[in-house]
Every structure is written in structure tokens, then in C-alpha cells.
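Subject: Structure for your files

Hello,

Here is the structure you were expecting, followed by notes on what was found in it. Please read the notes with the model open.

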Amino acid sequence: MEKVTIEKALFCLPWTQTILGTHYEGRVNFMALDWLTRVNYQPPMLGICVNKVHASNIAIHDTEEFSVNVPSTDMVEITDYTGLVSGKRVDKSGLFEVFYGELKAAPMIKTCPLTMECKVAQVIELPTNTFFISEIINIYSEDQFLTDGKPDVKKIKPFVLTMPDNRFWSIGECIGKAWNAGKTIHAPLK
Ligand SMILES: Cc1cc2nc3c(=O)[nH]c(=O)nc-3n(C[C@H](O)[C@H](O)[C@H](O)COP(=O)(O)O)c2cc1C
């Protein structure tokens, strides 16, 4: 089949949907965030990409702290809302009940089954966005979302975003075990 090139901005890979929590000009602010990735194994580090025009970007430059909150499928509307309006014009502080861990400027959302507080370690300025590389200071969850002490996707019910169709999707069935399914091809080489 012949390959065609598509518009470079039209990524179509799914991203895990999260909500970024910050302190913007002294008040709690939230922003829908999808551009995030694990960037270091030990210590556990997370990279997030935030557009320079957002209140959240200014907030993280100021405090060097933030939270990343993983919402469940029943939080689609409120999650999307945090991405529709800016904290520069709208006070989003009352949208969620929050709690704090070790960091003073990383408000975490109580109703999110998985939350993490992060401290900025490195800042990389790109043409339109800032890539904040951060250390994950703590991750919080509840027994009801864990199986054998580990986050259970079936219980957490996270969702993903696809672009350019701009849709949210729930996660489907498990189709294989990683670091294992490939063993059906041949035994791992030593
Ligand atoms: C579903 C969704 C995902 C988004 N993901 C990102 C993202 O990863 N990075 C980013 O800079 N903006 C992202 N945005 C845009 C911001 O969330 C949006 O502009 C928000 O209003 C900025 O809020 P703030 O000015 O209070 O920080 C996303 C918006 C939506 C609706």
C-alpha cells in the first residue's frame, strides 16, 4: 500500500488525559493536559509540555511546582472545561476539592483516583511551549483503585484523547501482557 504524508500537526496517537494543578497568582488553577510523558526511571521524572500563553505556564515558572491528576471517565465534562477557559480570565479554583502533600503549590484533586505532586528539575523553552521536566515527589491513590498495591486501570478508568478528531475514548480490553506477549515469537535472546 502506498504511503501518503499528512499534515504534520495532525497527530493521531492517543494521549492519557490529565488535569494540571497549579497556583496561578496565588490561587488554585487547573488546565486540561495531554502532552506528558515519563522521562526518567530513577528518580521517577515526568515531562509536561505547556503552551507559553497559558496561565499554567506562568504559574509553573513562578512556583516550580505542579500536580498531575488522572480523572476517571465520569469526569469528562469537567476535565474538558478546564481546557476551554483560561485562569487569566476565569477563576477555576472552585471546580474541585483539593488536598496537598509535601509541596505548597501542587494542589491535587480529591476526586481523581490517581494524583501526583511534582517539582520542576529542568526547564526547556521551545518555540511555542515550555517543556517542564519534573521529579515526581509523591503519587497518591486509594485502596479502591489498587490491586495488590498497584494502580488498576479497570478501577481507575482513565481516558485518552485523540487528535485531530478531538475525541475522548475510554480504554478497551487488555489484549496482551507486555514483556511477555513477544515470547510467543521465540525465547528471549540472552
Ligand atoms: C482536551 C484538552 C487537552 C489539552 N492539552 C493541552 C496540553 O497538553 N498542553 C497545553 O499547553 N494545552 C493543552 N490544552 C489547552 C489548555 O488546557 C487550555 O488552553 C486552558 O484553557 C489553559 O488554561 P490556563 O490558561 O488556565 O492555564 C488542552 C485543552 C483541552 C481541551
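Strand S3 (27–33) gives five residues to the lining of the largest pocket, the most of any element. Helices (H or I, at least four residues) and strands (E, at least two) are DSSP runs, numbered from the N terminus. This is a predicted model, in which local features need pLDDT of at least 70 and side-chain atom pairs count only at pLDDT 80 or more, while totals for chains, interfaces and linings use all residues. Residues are numbered from 1 along each chain as its sequence is written, and side-chain values use heavy atoms, with hydrogens and water left out.

The pocket

The largest pocket holds about 550 Å³ of space. Of its 27 lining residues, Met31, Ala32, Leu33, His54 and Gly83 are the closest to the centre. A pocket here is an open set of points on a 1 Å grid over the protein atoms alone, where a 1.4 Å probe fits, with protein on both sides within 12 Å along at least five of seven lines; lining residues have an atom within 4 Å of a point. The volume is the space filled by probe spheres set on the points, which are joined across faces, edges and corners. Besides S3, strand S5 (45–51), helix H1 (55–63) and helix H2 (76–82) each supply at least two lining residues. The lining has 14 nonpolar, ten polar and three charged residues, where Ala, Val, Leu, Ile, Met, Phe, Trp, Tyr, Cys and Pro count as nonpolar, Asp, Glu, Lys and Arg as charged, and the others, Gly among them, as polar.

The ligand

The ligand sits in the largest pocket (more than half of its atoms lie within 2 Å of the grid points). It is surrounded by 21 residues, and the closest are Asn51, Ser56, Val85, Ser86 and Gly87; a residue counts if one of its heavy atoms lies within 4 Å of the ligand. Of this shell, S3 supplies the largest share, four residues.

- His54: a polar side-chain atom lies 3.2 Å from a ligand nitrogen atom.
- Val85: a backbone N or O atom lies 2.8 Å from a ligand oxygen atom.
- Lys92: a polar side-chain atom lies 2.9 Å from a ligand oxygen atom.

Backbone

Gln42 and Pro43 are joined by a cis peptide bond, with omega about 0°. Pro43 lies in the loop between strand S4 (36–40) and S5.

Regards

Conventions: Polar contact = N/O pair within 3.5 Å; in protein donor to acceptor, adjacent residues only side chain to side chain.
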